[in-house]
Amino acid sequence: MERRIRVLVAKPGLDGHDRGAKVIARALRDAGMEVIYTGLRQTPEMIAAAALQEDVDAVGVSILSGAHNTLCPRIVELLRERGMDDCLVVVGGIIPKEDIARLKGQGVSEVFLPGTSTEEIVNFLRENVQPRT
Amino acid sequence: MPEVKEIATPEQEAVERWERETLEPALRKSPERKQKFETVSLDPVNRLYTPADTAEIDYERDTSFPGEFPYTRGIHPTGYRGRLWTMRQFAGFSTPEETNRRFKFLMSQGQTGLSVAYDLPTLMGYDADSALSEGEVGKCGVAVSSLADMEVLFDGIPLEQVTVSQTINAPASVLLAMYLVVAEKQGADFRKISGTLQNDILKEYIAQKEWIYPIRPAMKLVVDTFEFCTKNVPKYNPISVSGYHIREAGATALQELAFTLRDGIEYVQWGVDAGLDVDEFVPRISFFFNAHNDFFEEIAKYRAARRIWAREMRERFRAQNPRTWQLRFHTQTAGVSLTVQQPLNNIVRVAIQALAGVLGGTQSLHTDAYDEALALPTDKAALIALRTQQIIAEETGVANTVDPLGGSYFVESLTKQMEDGALDYFRKIDAMGGMVESIEKGFPQRETQESAYRYQKAVERGEQTIVGVNKYAMDDESATVDILVIDEAVREHQVERLEQTRSRRDAGAVSNSLDKLRRAARDGDNTMPATIEAVRAYATLGEICSALRDVYGVYEEPAF
């Protein structure tokens with residue numbers, strides 16, 4: 001049987017707006033993925049530890065507070081330090097245009113802005129998660 | 001039981017005749033655009049509303065005149081003919097110096113009240129130099145860690161004359177104390193100070209989720225501010241019971257209305273249980289609603305809110321004071337409705353939403369800036385938002401008559417529908433034991449999440465249109481808009497002032513005041529006097545919240 005895609009939906013930083021994170025978590029579940037939601041106010045260290053423990057294929061980071069430049073590269077770095085080289089990091093939220101290229105240069109696979117459909121996100125994960133046995 | 005056949009009223013018979021003779025032939029010739037028509041809350045909307053829909057509404061009993069119970073048509077007999085609503089733009093970013101400059105700019109442009117947005121560390125009760133504040137200082141609002149920051153924030157702004165609204169919740173009592181001490185230093189008389197503290201912790205657990213302490217001690221802190229303000233700052237609104245965030249988190253208009261008013265009832269109950277007199281403290285409870293895209297649904301929501309509150313205060317709490325019955329509210333246009341795509345379209349959305357707030361009889365209004373789906377507003381965007389209100393107020397004529405939509409079959413019928421729906425929710429929540437209990441069970445949280453998901457799906461199926469996103473999309477134009485960038489130097493600046501403050505203050509006075517605060521919290525005394533003393537001694541926000549955490553613990557959200 002094909003392994004189901006496992007995704008950690010993470011909400012780093014102090015912000016509590018979790019509407020997006022919860023809608024995405026449910027949409028991914030409805031699309032047949034296994035989803036673990038971290039809950040609010042996770043540090044990059046907590047997120048990386050959860051990703052490793054849950055052996056996920058992708059981490060979806062939800063952030064709108066403006067702290068993405070500090071938090072997202074740190075999450076990527078910590079995942080790589082833990083040997084999770086194939087684990088995708090995707091970001092969703094309010095991210096200024098200028099920051100998108102920089103985040104991608106720092107190892108973020110994709111940035112989804114407001115207005116993105118959940119289907120688009122599901123498709124991206126299906127196409128980009130590394131197949132495992 | 002034999003089936004009773006309802007006898008059609010003359011109004012219903014007239015509708016049936018119209019359907020038969022006029023409507024049906026028309027539908028045969030050209031069908032309607034859609035099978036079903038729905039509000040943005042996904043509630044059905046009928047083709048036509050007629051006297052048959054409002055037959056059960058009694059004008060004197062249910063609608064009545066403005067300034068009279070149950071205030072459906074407004075709390076002022078003259079509406080906006082006496083005084084316009086307060087134009088109160090929410091602002092705050094970067095350092096207290098920067099925000100002070102924005103405040104003065106907005107006031108020089110005709111804004112009539114101030115509203116402070118604090119950054120996330122402040123909202124969570126952390127100082128700028130806390131490890132948890134990294135990357136967040138000054139980003140979503142202005143950074144305030146101690147009285148020293150507050151002094152800069154209100155420098156040159158006379159707090160006895162200007163009304164200031166503060167969006168702060170979990171640490172609200174501390175920010176209120178800072179505000180009062182700044183006012184005191186300006187020589188202001190507490191009895192003349194007016195303004196509003198958001199201080200609505202229940203909606204934090206439901207929607208916004210900037211909490212610190214567990215629910216019950218957090219409610220105790222709210223009641224402490226009620227008691228303190230009623231005695232010492234009688235013109236100040238110690239709470240703004242907020243549906244705004246519940247709506248932004250995905251609730252429908254009806255859920256926003258129901259949960260917010262039931263939160264309000266919960267605060268009144270806690271105040272009464274603490275020995276406060278309903279007719280003394282409730283007149284200073286204010287409300288805060290969202291203004292979303294569905295124009296008539298929003299107007300009906302505000303009108304229903306006034307009617308429900310008046311009745312609940314009189315019936316549930318036996319309130320005698322008409323001011324206790326009168327629901328006063330602030331409105332903000334829906335941030336969640338703004339789009340990154342084609343951002344200038346947001347100016348139009350905001351104008352229409354603001355108009356709904358005005359036609360619904362709001363006491364004050366914030367209009368969002370068109371660039372808020374991208375970042376915090378620039379000066380230019382903030383100014384257009386203010387000008388939008390001025391155009392509605394002074395060019396459109398909508399403020400010339402009181403409750404211009406009163407008597408509309410549609411609006412009156414929708415108002416009644418909102419009222420009935422909210423009362424259904426009240427019955428469910430009452431059966432759970434109250435709002436605190438229903439939040440502990442995750443009820444409003446789940447209802448809100450469910451609605452958010454339904455709406456997202458309706459958008460993705462194209463049943464709800466978002467212009468520029470799922471219809472009329474173009475190559476992205478957002479790149480052409482200038483946005484406000486807050487850099488990390490803000491944190492360095494704030495940390496520097498914090499270090500200076502810590503080195504200059506009397507450390508003994510700080511630790512004594514914090515001990516006193518812990519004692520007050522432990523003994524169940526009012527915490528406000530000790531909080532004010534700590535603030536005066538320049539104890540920081542983080543230190544004061546830590547002292548309370550020592551006693552109360554912290555809230556952990558269960559998985560819902």
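Buried residues make up 55% of the 133 residues in chain A, where buried means under 20% relative accessible area with a 1.4 Å probe and protein chains only. The model is predicted, so local features need pLDDT of at least 70, side-chain atom pairs count only at pLDDT 80 or more, and totals for chains, interfaces and linings use all residues. Residues are numbered from 1 along each chain as its sequence is written, chains are lettered from A and ligands numbered from 1 in written order, and side-chain values use heavy atoms, without hydrogens and water.

Stay with chain A. The C-alpha trace spans about 40 × 30 × 25 Å along its principal axes.

Chain A has 5 helices and 5 strands. Both are DSSP runs numbered from the N terminus: helices are H or I with at least four residues, strands E with at least two. Along the sequence the pattern is β-α-β-α-β-α-β-α-β-α. Of the contacts (heavy atoms within 4.5 Å) in chain A between residues at least 6 apart in sequence, 73% join residues at least 24 apart.

Now take one helix pair. The axes of α2(A), residues 44-54, and α3(A), residues 68-81, come within 9 Å and cross at roughly 40°. That makes α2(A) oblique to α3(A). Angles under 35 degrees count as roughly parallel, over 145 as roughly antiparallel, 65 to 115 as roughly perpendicular, and the rest as oblique. Axes are lines fitted to C-alpha atoms, for helices over the stretch in contact, and angles run from 0 to 180 degrees between N-to-C directions. Residues in the contact include Ile47(A) and Ala51(A) of α2(A), and Leu71(A) and Leu78(A) of α3(A).

Helices α10(B), residues 253-273, and α16(B), residues 409-432, have axes that come within 9 Å and cross at roughly 50°. They are therefore oblique to each other. Among the contacting residues are Leu257(B) and Leu261(B) of α10(B), with Tyr425(B) and Phe426(B) of α16(B).

Finish at Thr122(B). This residue is found in helix α4 of chain B, residues 120-124. Thr122(B) is buried, with a relative accessible area of 2%. Beyond neighbours within four places in sequence, its contacts include Val142(B), Ile168(B), Pro171(B) and Leu541(B). Thr122(B) and Asn169(B) are 47 residues apart in sequence and 9.9 Å apart in space, C-alpha to C-alpha.

Technical notes:
Buried means under 20% relative accessible area, exposed over 50%, partly exposed in between (1.4 Å probe, protein chains only).
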